[in-house]
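This report describes selected parts of one structure, beginning with the surroundings of a ligand. Please keep the sequence and the 3D view at hand while reading.

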Amino acid sequence: MPYIEVKNSSKFYGTGDNRIVANNDVNFEIEKGELVIILGSSGAGKSTMLNILGGMDTSDEGQVIIDGVDIAQFNSHQRTNYRRDDVGFVFQFYNLVANLTAKENVELASEIVKDALDPVTVLEQVGLGKRLNNFPAQLSGGEQQRVSIARAVAKRPKILLCDEPTGALDYQTGKQVLQILQDMSRNEGVTVIIVTHNSALAPIADRVIHMRDATVKSVKLNNTPQDIATLEY
Ligand SMILES: Nc1ncnc2c1ncn2[C@@H]1O[C@H](COP(=O)(O)OP(=O)(O)O)[C@@H](O)[C@H]1O
Ligand SMILES: [Mg+2]
């Protein structure tokens, strides 16, 4: 059985004339430990799907089976626990706490879950061992994004959901961030799902789910994903 299985999932916002179909009969599967890219232009429904996978939003129809459990059937209490315990989020604009240092931002993970990883170890893993005591404003965009990845990973999530994680970064720092995300999947076995509108990133993924007009247009498996170092975009 696939690790993640989305079946006939639909999501509607608004009612009547204002009704928007954000996800329309979405279907795909993801295996454990894969690096997945959900690709599509603005408005295609990518963030809606990611938020549903992460328990931040709820679907209106269909099944969202994660590790054998249909989270679409969760009540709000179950959904909160799932979001806290099983999911790590990385956003385009980092969402760090401005008056906490890098280390303190990552320490927040241990206030959410019991068995969080050591903040210093995780920050060293993302190459920020020398920036532990810097505040977000003292770090570059790429460094801030690496802190936010460290914070998400410190929770030891089953799945790491990243919405346009390189959207605010320049080319080189964007590549560093992608390298860390690819390493998380390859070396740590974390299932990493990246939403992007940038089709040039597709070659790095094990699986590319292409969304258009609120639904999945194609799913492509890649047995030889490209190393970030050789990626040009
Ligand atoms: N909370 C919301 N309320 C109303 N409409 C929304 C909401 N979230 C997303 N939408 C709409 O759903 C559609 C898909 O949005 P989204 O999933 O954010 O697309 P993408 O991430 O691919 O750009 C868009 O038309 C968007 O305006
Ligand atoms: Mg989006």
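## The shell around ligand 1

β2 (20-30) and α1 each supply at least two residues of the shell around ligand 1. Helices here are DSSP runs of H or I with at least four residues, strands are runs of E with at least two, and both are numbered from the N terminus. The largest contribution to the shell is that of α1, with three residues. The residues around ligand 1 are Tyr-13, Ile-20, Ala-22, Ser-41, Ser-42, Gly-43, Ala-44, Gly-45, Lys-46, Ser-47 and Thr-48; a residue is near a molecule or strand if one of its heavy atoms lies within 4 Å of it. By class, four of the shell residues are nonpolar, six polar and one charged. In this scheme Ala, Val, Leu, Ile, Met, Phe, Trp, Tyr, Cys and Pro are nonpolar, Asp, Glu, Lys and Arg are charged, and the others, Gly among them, are polar.

The model is predicted: local features need pLDDT of at least 70 and side-chain atom pairs pLDDT 80 or more, while totals for chains, interfaces and linings use all residues. Residues are numbered from 1 along each chain as its sequence is written, chains are lettered from A and ligands numbered from 1 in the order in which they are written, and side-chain values use heavy atoms, without hydrogens and water.

## Atoms that meet the ligand

A backbone N or O atom of Gly-43 lies 2.7 Å from an oxygen atom of ligand 1. For Ala-44, a polar backbone atom is 3.1 Å from an oxygen atom of the ligand. Ser-47 places a polar side-chain atom 2.9 Å from an oxygen atom of ligand 1. Taken alone, ligand 1 exposes 560 Å², and the protein buries 59% of that (areas by the Shrake-Rupley method with a 1.4 Å probe; for residues, only the protein chains shown count as cover).

## Two residues of the shell

Gly-43 sits in the loop between β3 (35-39) and α1 (46-53). Its relative accessibility is 72%, so Gly-43 counts as exposed. The cut-offs are under 20% relative accessible area for buried and over 50% for exposed, with partly exposed in between (1.4 Å probe, protein chains only).

Thr-48 belongs to helix α1. Thr-48 counts as buried because its relative accessibility is 12%. Apart from neighbours within four places in sequence, Thr-48 is in contact with Lys-11, Tyr-13, Ala-22 and Asn-23, where contact means heavy atoms within 4.5 Å.

In helix α2 (residues 76-86), the buried residues are Arg-79, Tyr-82 and Asp-86. Seen down the axis of α2, they fall within an arc of 75°, so they line one face of the helix; the arc is that of the directions from the helix axis to the C-beta atoms. These buried residues pack against α1, β4 (61-66), β6 (87-90) and β7 (159-163).

Helix α3 (residues 102-112) has Ala-102, Asn-105, Val-106 and Ala-109 buried. Viewed down the axis of α3, its buried residues fall within an arc of 95°, so they line one face of the helix. Their cover includes α4 (119-125) and α5 (141-154).

## Arg-186

Arg-186 is found in helix α6 (residues 171-188). With 44% relative accessibility, Arg-186 counts as partly exposed. Not counting residues up to four places away in sequence, Arg-186 touches Pro-225, Gln-226 and Asp-227.

Technical notes
Polar contact = N/O pair within 3.5 Å; in protein donor to acceptor, adjacent residues only side chain to side chain.
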